[in-house]
Structures are given as C-alpha cells and as structure tokens.
Amino acid sequence: YRCIVSNSVGSVTSNGATLTVNTGDPSKPGGIISANTTWSAADSPYQGTGNVLVQGGVTLTIEPGVTVKFDAGKSLQVNGGLIARGTSSNGIVFTSSQGSPAAGDWKNIVFGSSSISATTDGAGNYLSGSILEYCTVEYGGVNDLGAITINGGSNTISPLVTNCTVENNSGYGIYLYNSSSIITKCTIKGN
C-alpha cells in the first residue's frame, strides 16, 4: 500500500507516521482498540502485525489458551486495561512470530501512565483492573526496557503480575518506573 497524507492546504506530510491496514481478520490485530474487546481461544493464535494500542478507559480481555505472536518490532501498549488471566493448565503466551524465535524478536507489553491499576481485597486476591496471570512472555524485549514494561510516568500505576514466566527476552524481564505493582509467584530467567 502507498499512502500520501496532506493537510488542509494540500501540503504533503510524512512525520514518521505509521499506517496500519486492518485486514478485517480478527486474528491479525494491529492499531487502536477503542472499545472493550475479547481475544478468544477459538480465534487463537493472534498475530500482532502492527503495534496494538489499548486506549484509555478500554479493556482488552485475553482468554486462557490464547497465543499472541508479534511481528518484529511490534508491541502491545496498554493505556486502559488488560485482563490476561490464564490458568495453571491453560496459560496465555505472548511470543515471537518468527519460525526460529530469538530474544528481541518483538518489543514488549507496555503499561502506560493511564493504565487501569489492579485492585485486590485485604488478603491480596484480585478483584479488578489490569492483570497478567499464568502468562508466558518470551522472545521480546528492547534495549534497556523490559519485555513487560510498567511505566507510570507522573502517575503511579499498579497492574498485578502473578504466576507468570518471563524468559528468553532481550533487556530486562520486567521494568518498573513509578509503579507499586504486585509481582508474585513469577519465574523470570534468561533475560
């Protein structure tokens, strides 16, 4: 595809803008998720052909058993909510789309400053908000950031990461900035 963008007076602009073509295939996400969305096991695997952005106030729910494969340089950016709750026998996998995967094949899962923090009860049990549970995050990573990056910026954000495996990534397994996240019962190795 070739795209030419012009402003209201006809000047052509190209400030590094990215064009994502939605093929209409729900198993090949890329672009902005602007309404609550569920990625089902029945449609798995999903292949992130473009960066995926979960807008503020919107939640992406990923069912147990889903595999999400990302193309080179692509990421899942969460400015709203992400509920990825696998089970001990039916986890969720975030991985590379390459036939022979290697660390750094794709970027990362990024929780931004407007991400919806997790809430828990007095015993620490999950109630609502962003969570990664029984997830494997592998073959991602970029420079000095983590395969899972939790960056509160000027806000403190707190997604819950529990019972996850974060392995074989470039950079850090998990990178936190201005976060009071609860990270528990995870295996983080080979990053």
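Modeller: P45 has its place in the loop between β4 (37-39) and β5 (46-48), and please keep in mind throughout that this is a predicted model.

Colleague: What makes the peptide bond that joins S44 and P45 a cis bond?

Modeller: Its omega is about 5 degrees, and the bond between S44 and P45 is accordingly listed as cis.

Colleague: Why is the contact between the side chains of R85 and E133 called a salt bridge?

Modeller: The definition asks for a side-chain nitrogen of Lys or Arg within 4 Å of a carboxyl oxygen of Asp or Glu, and the side chains of R85 and E133 meet at 2.8 Å, N to O, so the pair is called a salt bridge. This pair links distant parts of the chain, with R85 in strand β10 (residues 81-85) and E133 in strand β15 (residues 131-133), 48 residues apart.

Colleague: How do you know whether E133 and R85 are buried or partly exposed?

Modeller: Buried means under 20% relative accessible area, and E133 has 14%, so E133 counts as buried. R85, with a relative accessible area of 35%, falls between the 20% and 50% limits and is therefore partly exposed.

Colleague: What makes K189 and E167 a salt bridge as well?

Modeller: Their side chains meet at 3.6 Å, N to O, and the limit is 4 Å, so this pair also qualifies. Here too the pair links distant parts of the chain, since K189 lies in strand β22 and E167 in strand β19 (residues 165-167), 22 residues apart. With 17% relative accessible area, E167 is under the 20% limit and therefore buried, whereas K189, at 46%, counts as partly exposed. The structure holds two salt bridges.

Colleague: Why is I188 called partly exposed?

Modeller: I188, which lies in strand β22 (residues 187-189), has a relative accessible area of 46%, a value between 20% and 50%, so the label is partly exposed. Together with L176 and I183, I188 forms a nonpolar patch on the surface, with about 230 Å² of accessible area together.

Colleague: What makes the phi of N163 worth a remark?

Modeller: Most residues other than glycine have a negative phi. N163 is not a glycine, yet has a positive phi of about 55 degrees, and its place is in the loop between β18 (160-162) and β19.

Notes
Residues are numbered from 1 along each chain as its sequence is written. This is a predicted model: local features need pLDDT of at least 70, side-chain atom pairs count only at pLDDT 80 or more; totals for chains, interfaces and linings use all residues. Side-chain values use heavy atoms; hydrogens and water are left out. Patches are made of residues with over 30% relative accessible area and no salt bridge: like charges are joined within 9 Å, nonpolar side chains (Val, Leu, Ile, Met, Phe, Trp, Tyr) within 5 Å. Accessible areas come from the Shrake-Rupley method with a 1.4 Å probe; for residues, only the protein chains shown count as cover. Helices (H or I, at least four residues) and strands (E, at least two) are DSSP runs, numbered from the N terminus. Buried means under 20% relative accessible area, exposed over 50%, partly exposed in between (1.4 Å probe, protein chains only).
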